[in-house]
Each structure stands twice: as structure tokens, then as C-alpha cells.
Amino acid sequence: MTNSFKTSDGLTLVWHEWGAEYGDPPVLLHHGFGASAKLNWLAAGVVAALNDAGRRVIAIDARGHGESEKPHDPAFYGEDRMSRDLSELIDHLGLPEVDLVGYSMGAIVALISGTRERRLRRLVIGGVGDGILARGGVDTRVVDNRDIVSALLADDLSTIAPSARPFRQMADATGADRKALAAQAQVVHAAPIPLDRIVAPTLVIAGDRDPLAANPERLAAAIPRAKAVITPGDHRNAVSKPEFAAAVVAFLS
């Protein structure tokens with residue numbers, strides 16, 4: 001089922017639901033940068049694994065992504081704003097409790113939510129590592145967000161920095177709104193996240209070949225009641241490996 005809601009700043013965001021017949025609490029999913037709920041979670045097999053385990057699944061298309069509204073003004077973006085979108089979706093659905101899973105950009109959103117949203121039962125963070133501690137968000141030691149912006153807006157593809165080329169390739173392959181993605185990339189979260197405020201038990205999942213999720217055990221050590229697990233894969237494909245879904249299902253059981 002696909003539905004939508006209106007945010008407090010006036011955007012229309014889409015959310016999807018699978019396994020509505022299963023009981024609560026549902027698992028709420030937030031995808032990564034340039035992806036969507038269907039691409040990041042449905043196509044990757046995570047939704048099926050959760051449904052097979054008897055879990056109701058709700059996944060948002062973040063602002064600027066998927067089927068949601070896509071303004072081009074950076075003032076509408078940022079992981080902090082996306083975290084508020086999650087709380088507003090929980091309000092909209094009248095949910096007393098959820099399990100929250102975020103990947104990459106969605107992991108940063110989920111960590112921010114974990115510091116202030118008290119309706120989280122459990123938290124799963126994927127595709128990030130100690131870059132959260134060093135940079136307060138996406139690991140710009142690996143890829144500079146300014147290079148991502150340039151890659152998304154470039155007319156001459158030969159000018160794109162090698163580290164940012166996959167972001168342009170993915171945007172072109174999925175037909176994404178590159179100006180909307182560039183607006184988000186301009187304002188990525190880059191401030192300390194008070195991880196010690198997270199009270200939900202937390203799992204940090206990192207692919208063993210993911211440079212954007214280096215040293216996940218350091219991130220887990222900074223979060224109360226957290227543990228880290230390594231699964232196969234790089235940043236783009238770790239979420240689609242069966243080991244990733246299995247780790248999520250086991251932790252949320």
C-alpha cells in the first residue's frame with residue numbers, strides 16, 4: 001500500500017506499507033541518499049525478510065527522493081529535518097512504538113531520531129561507521145559532499161571527481177531529480193550527534209568492504225546499549241546481501 005502525508009513545512013511525502021496484517025510495533029525504514037523505499041528495501045529483499053518474520057513494515061520516501069515531493073531549495077533539506085519527518089509520520093499513523101532501521105543517509109536520520117524520539121523500541125544503523133564521530137554525518141573523509149553536488153549538477157561528466165561518480169551514475173540510472181539531490185547534498189549533517197542520549201538498544205551493521213562504514217565498532221562503543229556486526233558487501237550492495245536482512249530480523253525479534 002502506498003499513501004502520503006503532509007509535513008509541518010508543507011511538503012507531501014509518500015510512505016509505503018507491507019504486511020499490514022501483522023501486529024505492532026511496525027518496523028519503520030529510512031533509505032539512503034539517492035535511493036527510495038522500494039529501491040533500498042523492497043528490491044534488496046529486506047521487506048520480504050521482515051514480512052516472512054511476521055513484521056509489519058512501513059517505509060518512507062524521504063523528501064527529494066522516490067515518490068515524495070522534490071523541492072530544489074536546500075532550506076527544505078538536511079537529516080535533522082528528515083528526522084522530524086519520521087516523527088511526524090509516527091504522529092500521522094498514531095503509532096505508540098516502532099522499530100527504526102536506517103541505511104547510510106537514513107542511518108544518520110535514524111541516529112538523530114534516536115537522540116530525541118522516545119517511541120523507538122529498537123534501532124538499527126547500517127552503512128555508517130566512525131565517520132559519524134569524526135564528521136557528524138556522512139564520512140566526508142571518503143567523499144566530499146561538495147564533489148557530490150558538483151557531480152549531480154555537472155554537464156560535462158569528465159569533470160566529475162572519481163569518488164563522486166557513483167552518485168551521478170545512480171541518479172542517472174534511477175531517473176532521480178538531480179537538483180533535489182544536490183540540494184540535500186549541500187546541507188548534509190555535519191555537527192556532533194549526542195549519541196549518549198540514545199536509549200533504544202542499537203545494532204550497527206557495516207559491510208566488510210564499505211569505506212563509508214569504517215570502524216563500526218567505534219560508533220557502537222559511543223552509543224549506550226549498542227553492538228556492531230560486520231556483513232559482506234560494499235556501500236551499495238551490503239544492504240541487499242541476505243546476511244544484512246538476517247541480522248536486522250534477528251536483532252528486532
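In helix α4 (residues 105-114) of this predicted model, the buried residues are Met-105, Gly-106, Ala-107, Ile-108, Val-109, Ala-110, Leu-111, Ile-112, Ser-113 and Gly-114, where buried means under 20% relative accessible area, exposed means over 50%, and partly exposed lies in between, with a 1.4 Å probe and protein chains only. Because 10 of the 10 residues of α4 are buried, this helix is largely enclosed by the rest of the structure. The buried residues of α4 pack against β3, α3, β5, β6 (120-126), α5 and α8, and contact here means heavy atoms within 4.5 Å. Helices (H or I, at least four residues) and strands (E, at least two) are DSSP runs, numbered from the N terminus.

- Residues are numbered from 1 along each chain as its sequence is written, and side-chain values use heavy atoms, with hydrogens and water left out.
- Since the model is predicted, local features need pLDDT of at least 70 and side-chain atom pairs count only at pLDDT 80 or more, while totals for chains, interfaces and linings use all residues.

**Helix α3 against helix α4**

- Two packed helices are described by the angle between their axes and the distance between the axes.
- Helix α3 (residues 79-93) packs against helix α4 at an angle of about 65°, and their axes are 8 Å apart; axes are lines fitted to C-alpha atoms, for helices over the stretch in contact, and angles run from 0 to 180 degrees between N-to-C directions.
- The two helices α3 and α4 are therefore roughly perpendicular to each other, given that angles of 65 to 115 degrees count as roughly perpendicular, those under 35 as roughly parallel, those over 145 as roughly antiparallel, and the rest as oblique.
- The crossing in which α3 passes α4 is right-handed, a term used if the near helix is turned clockwise from the far one by less than a right angle, whereas anticlockwise gives a left-handed crossing.
- On the α3 side the contact is made by Glu-79, Asp-80, Met-82, Ser-83 and Leu-86, and on the α4 side by Met-105, Ile-108, Val-109, Ile-112 and Ser-113.
- Sorted by class, the residues of this contact between α3 and α4 are 6 nonpolar, 2 polar and 2 charged, where Ala, Val, Leu, Ile, Met, Phe, Trp, Tyr, Cys and Pro count as nonpolar, Asp, Glu, Lys and Arg as charged, and the others, Gly among them, as polar.

**Gln-184**

- Gln-184 lies in helix α8 (residues 178-186), and this residue counts as buried because its relative accessibility is 0%.
- The side chains of Gln-184 and Glu-79 are joined by a polar contact of 3.5 Å, that is, a pair of N or O atoms within 3.5 Å of which, within protein, one must be able to donate a hydrogen and the other to accept it, and residues adjacent in sequence count only if both atoms are side-chain atoms.
- If neighbours within four places in sequence are left aside, Gln-184 is in contact with Phe-33, Tyr-77, Gly-78, Glu-79, Met-82 and Met-105.

**Helix α6 against helix α7**

- The axes of helix α6 (residues 145-153) and helix α7 (residues 165-174) come within 8 Å and cross at roughly 40°, and the two helices are therefore oblique to each other.
- This crossing of α6 and α7 is right-handed.
- In the contact, Ile-148, Ala-151, Leu-152 and Leu-153 of α6 meet Phe-167, Arg-168 and Ala-171 of α7, and by class these residues are 6 nonpolar, no polar and 1 charged.

**Backbone features in loops**

- Most residues other than glycine have a negative phi, and most peptide bonds are trans.
- A cis peptide bond, with omega of about 5°, joins Asp-24 and Pro-25, and Pro-25 is placed in the loop between β2 (12-18) and β3 (27-30).
- Ser-104, although not a glycine, has a positive phi of about 55°; its place is in the loop between β5 (98-103) and α4, and Ser-104 is buried, with a relative accessible area of 16%.
- Asn-215, also a residue other than glycine, has a positive phi near 50°; Asn-215 is found in the loop between β7 (202-207) and α9 (216-221) and is partly exposed, with a relative accessible area of 35%.
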